[in-house]
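I set out to record what can be read from this model, entry by entry. The sequence and structure come first.

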Amino acid sequence: MVMFDRFEGDMAVLYEDGKRFSVLRREVPSSKEGDVLIKSGDIYITDKEETEKLRNENIRLMLKFGF
């Protein structure tokens, strides 16, 4: 699973299996912090279904632990 973390200048910081790597900002055209990405040709696109699942799980855990 590739996760979008943030932009740093003209680079996008991504994580996969706990390892950080960077790609050019233009390779991640429409992503937001926390999006799950899939590679499509020369770019990464948001996997909307997986992103929604992950966000819902995070909300569930925050409610469970009182955050």
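**Entry 1: charged network**

I looked up the charged side chains and found that Asp-5, Arg-6, Glu-8 and Arg-20 are linked in a network of salt bridges. I counted as a salt bridge a side-chain nitrogen of Lys or Arg within 4 Å of a carboxyl oxygen of Asp or Glu. The model is a predicted one: local features need pLDDT of at least 70, side-chain atom pairs count only at pLDDT 80 or more, and totals for chains, interfaces and linings use all residues. Residues are numbered from 1 along each chain as its sequence is written, and side-chain values use heavy atoms, with hydrogens and water left out.

I then noted each link. Arg-6 meets Asp-5 at 2.1 Å, N to O, and Arg-6 also meets Glu-8 at 2.7 Å, N to O. Glu-8 in turn forms a salt bridge with Arg-20 at 3.3 Å, N to O. Glu-8 lies in strand β1 (residues 2–8) and Arg-20 in strand β3 (residues 19–24), so this pair ties together parts that are 12 residues apart in sequence. Strands (E, at least two residues) and helices (H or I, at least four) are DSSP runs, numbered from the N terminus.

Asp-5 is partly exposed at 24%, as are Arg-6 at 28%, Glu-8 at 35% and Arg-20 at 45%. A search of the whole structure gave seven salt bridges.

**Entry 2: charge over a ring**

I found Arg-25 over the face of Phe-7, at 3.8 Å from the ring centre. The criterion was NZ of Lys or CZ of Arg within 6 Å of the ring centre and within 35 degrees of the ring normal.

**Entry 3: overall layout**

I recorded one helix and five strands, in the order β-β-β-β-β-α along the sequence. The C-alpha atoms fill a box of roughly 40 × 20 × 20 Å, taken along the principal axes. Of the 67 residues, 22% count as buried.

**Entry 4: the helix**

Which residues make up helix α1? I read residues 48–64, with Leu-61 among them. Leu-61 counts as partly exposed, at 30% relative accessibility. Just after α1, I noted that Gly-66 takes a positive phi of about 75°.

Definitions and conventions. Buried < 20%, exposed > 50% of the residue type's maximum accessible area, 1.4 Å probe, protein only.
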